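Take a moment with the model below before reading on. The paragraphs that follow walk through it step by step.

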Amino acid sequence: MGLSIGIDVGGTKIAAGVVGADGKIGARSHRDTPATSVDETAQAIIDAAAELIAEHKVEAVGIGAAGFVSADRSTVLFAPNLAWRDEPLGERVGAALGVPVVVENDANAAAWGEFAFGAAKDVEHMVCLTVGTGIGGGVVIDGELLRGAHGVAAELGHMRVVPGGHRCGCGARGCWEQYASGSALVREGRALAESGSLAAAQMLSVCGITDSSELSGPMITKAAAAGDPCAVELLDDLGRWLGEGLASIATLFDPSTIVIGGGVSAAKQLLVKSAQVAFEKNLPARSNRPHPSFGLAELGNDAGIIGAADLARRRESAR
Amino acid sequence: MALTQALTIGIDIGGTKVAAGVVDPEGNILDRLRRDTPTKDPKETEDAIAETVRDLESRHDVIAVGIGAAGFVDGTRSSVLFAPHLAWRHEPLRDAVERRLGLPVVVENDANAAAWSEWRFGGGQGESHLVCVTLGTGIGGAILNDGALQRGKFGIAGEFGHMQVVPGGHRCECGNRGCWEQYASGNALTREARELALSGSPVAHNLLRRADGDPRNINGPMVTELAKDGDPVAVELLEDVGRWLGIGLANLAAALDPGTFVIGGGVSDAGELLLAPAREAFKRTLTGRGFRPEARIVRAVLGPEAGLVGAADLAREEATWLRRVRVKTSAVTAKTAARSGRSARLERVARKTAGRRTGMRVPEPESLKEPTEFELKEPAELKGDTEA
C-alpha cells in the first residue's frame, strides 16, 4: 500500500506530512494559517500538500480541521476559529491537487491516529480526548470511528457539566471544556493569583513572572512538575473535572481504553492520575462493572497528521 | 416450518413483574403471560422464566427465547453482571436457562431490547443513527448504528441515565449524585410533585385533592392525567421534566449526533406535554446550534411491550443466525474479534446477508466480506452450516 498525506489545520499553523501504511511520517511541510481568509487558507493547504506531492507519489490526502465536518467527509459545515461556513474544502483541494481528499474533524483524526498506531492500537473501543485550548473528542466503537448521522458526533467538550456555568464559545453555558481544558487551567490560575493568594504568588515566582496575565498552561505544568503545590492543585482540579466528565462519557460508550492527549497532557501523570481517581469515584455502579484503562496519547502533535493520512488511505483502499 | 415464519418468546424481567409473550416475525404478540418477579433468589427467577416458557410452549411452536433484563448484561450477552432490583451478580443466565429449556436463549439489557423493537417495528424504522431513551422509574438508554446495538467493550454502553447533569445533585442508586435520571424520569416527576404538594402551596391544590389529601399517593400517571385535563401545575411539572430531558438529549447529541431520538417509557405517555418543552430545551442548549443538522425527537410507538417484542425478535435473529452461519471468532483479526462472542461488525455483516436472503440458502463466505476499514481475515474460515 502506498503513501498518503495527512494535514493538520490548526488556528495558527498548517502541518503536513507524508505517511506510510505503518503510520510513520516521512517528509513534512508547514505553512502559517491565514485565519481571516477562506481562499488563502485553502491555498495554504494546497501549497503544503503540493510541496510534498512534487516529491512523493501519494494516493490520497486527509485533512484534519477544527470544526463540524459533513457526513460525506468533504464539507466543513462550521469552524470556530476559521472563516469556513459550508465550505466545500475537500472538493476544492482535491480539484487543485488531482488527488482524492478526505476531510476529517481534527480531534477525530488525532483519535484515529492513536487508535491505529498509538496508545490504543490493541483495543477496539476507545475514547480519546485532545485537551488543549478546548477539549476535542474522538470515539472508536468496534473498530470504527464514530461520526454520527450528520458527521458531527464526539463533540465531547460541549457536553454540559454545570447548569448555568461558564460561557462557552459554542453559545452554551457550562460546557465541559470550560472546566477541563488548558483555557480553564489558565483562567483558574490567573483568578487565584489575582485574589492575592500567597500560594499563587509563589507559583508566579516559580514561573519567573510577576504579572498574572503572563501565566500560561505550559508554565503551570512546568511549575507542577517542579513540585509547586499551587500548580499541582490547579492540575489536580483540572484532572478531577476530566475524570468526572469521563465517568459520564463511559456510561455512553463503555470503552476499554481512555486516551488523553493534547497540549495539557504534557502534565502526564499529574493530570492522568487525578483524572483516573476522580473517574473511579464517579463511575456509576462502579463496584459492579469492569473499568476501562487510562493512558496518555503517544503520538503527540503528529496524531492528527497520522490519523488524517490513515483515514484517507483507508477510504481509498475501500473503494 | 420455515424459519421466517417461526415464533419466538420474549420475556421482559422488571423489578416487580415478569411479562412474557409469543411474538411473530412482524412483531405481533400472539399470546401473553404475566407474573410477579421473585426478586431475592436467582434460582427462583430462573424457575419463573422456565415455567413461563413451558406454559407458552405448550400452546405454540417456538424456536428461541429472548430475555430482556434490567441490568448490566456482559459483552457476550450470556451473563447479567449486575441488576439493581434483582439478586443477579455475575449470573450466567443464558447458559442456565438454555440448559433447562433446550432452546437457544438470548439475554439483552431491557432498554436495548426495547430500542431494538422500536427500530424494527416502531418509531425508529429506517433510521441509521438511532438513540432510544426509555423514561420509566429511571432512564434506560440504547444506541443503534446501522441497525446494530452498540454494546461497548463490556456490554454496558448506553447507560445514559447515569450521565451527571448536576454536580452534587440528587443522590442516585448507582452511588453518584446528579445523574440525569434523577431529573428526567418518572421518579423525578413524582418527587417534584410530592414536594410541591407537601409544601402546602395552593397551586398544588388539585394535585393534592386527586391524591386524596396525601402527597404520598401522588404518582407520575396522576400528574400526567391532571396535565391532560389542563391543570397548570401538572403542566409545569411535566415541562420541568421535559426541559431536563431536552438538556440531556443535547448532551447526547454532542456525543452521538443521532438522526432521531425515540422517547419511550411510562413518562412518554404525556406526549407533547413532555416532548414540546424537551425540543425547546434541546434547541436552546445544543452545541453549534444553527450550524448543524439537528436530530428529530419523537415518541416511541410500541408502548410498554416494546421490551418483550424486542427480546423475542433478537432471539429470532440469533436463532436464525446460529442455524445458518457459524462464524469462528478466530477468523477475524484481533482488532475486530469481540471478546468471546461475536463482534458487532460480524453481526452487522450477518444481518445484511440474512436480510438479502429469502430461502434457506447458505451464504457464500465471500458474501460475508464487505469492503470496510478492517478486513475479515481468511474468509475461507467462515463456515456456513446448513440446517440439520
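Predicted model: local features only at pLDDT ≥ 70, side-chain atom pairs only at ≥ 80, totals over all residues.

Now step back to the core. The largest nonpolar core has 224 residues. Ile67(B) is among those with the most contacts inside it, together with Ile7(A) and Ile63(A). Helix α7 of chain B, residues 232–256, gives the largest share of this core, 15 residues. In general, nonpolar side chains in soluble globular proteins tend to be buried together.

Stay with chain B. It holds 10 helices and 13 strands. Of its 388 residues, 53% count as buried. Take the contacts in chain B between residues at least 6 apart in sequence: 64% of them join residues at least 24 apart.

Next, look at one helix pair in chain B. Helix α4 of chain B, residues 186–198, packs against α7(B) at an angle of about 140 degrees, with the axes 10 Å apart. That angle makes α4(B) oblique to α7(B). The crossing is right-handed. On the α4(B) side, the contact uses Ala188(B), Leu189(B), Glu192(B), Ala193(B) and Leu196(B). They meet Val233(B), Leu237(B), Asp240(B) and Val241(B) in α7(B). By class, this contact has 7 nonpolar, no polar and 2 charged residues.

Turn to chain A and its helices α4 and α7. Helix α4 of chain A covers residues 182–194, and helix α7 of chain A covers residues 229–253. Their axes come within 10 Å and cross at roughly 135 degrees. That makes α4(A) oblique to α7(A). The crossing of α4(A) and α7(A) is right-handed. From α4(A), the contact takes Ala184(A), Leu185(A), Glu188(A) and Gly189(A). From α7(A), it takes Leu234(A), Asp237(A) and Leu238(A). These residues divide into 4 nonpolar, 1 polar and 2 charged.

Another helix packs against α7(A). Helix α6 of chain A, residues 217–225, meets α7(A) at an angle of about 115 degrees, with the axes 7 Å apart. α6(A) passes α7(A) in a left-handed crossing. Here Ile220(A), Ala223(A) and Ala224(A) of α6(A) contact Ala231(A), Val232(A), Leu234(A) and Leu235(A) of α7(A). The class count for this contact is 7 nonpolar, no polar and no charged.

Is Glu233(A) buried, partly exposed or exposed? Glu233(A) has its place in helix α7 of chain A. It has 18 other C-beta atoms within 10 Å, so it is partly exposed; a buried residue would need 20 or more. Glu233(A) and Leu270(A) are 37 residues apart in sequence. In space, their C-alpha atoms are 9.5 Å apart.

Last comes the meeting of the two chains. How many residues of chain A are in contact with chain B? There are 46, and they contact 47 residues of chain B. On the chain A side, β6 (76–78), α7 and α9 (303–318) are the elements that give two or more residues. The largest share, 6 residues, comes from α7(A). By class, the chain A side divides into 25 nonpolar, 11 polar and 10 charged residues.

Terms used. Residues numbered from 1 in each chain as written. Chains lettered and ligands numbered in written order. Axes fitted to C-alpha atoms, helices over the stretch in contact; angles between N-to-C directions. Helix = DSSP H or I, 4+ residues; strand = E, 2+ residues; numbered from the N terminus. Parallel < 35°, antiparallel > 145°, perpendicular 65-115°, else oblique. Left-handed = near helix turned anticlockwise from the far one by under 90°. Contact = placed C-beta atoms within 7 Å. Nonpolar A, V, L, I, M, F, W, Y, C, P; charged D, E, K, R; others polar. Core = buried A, V, L, I, M, F, W, Y, C linked by C-beta atoms within 7 Å. Buried ≥ 20, exposed ≤ 12 C-beta atoms within 10 Å, placed from the backbone.
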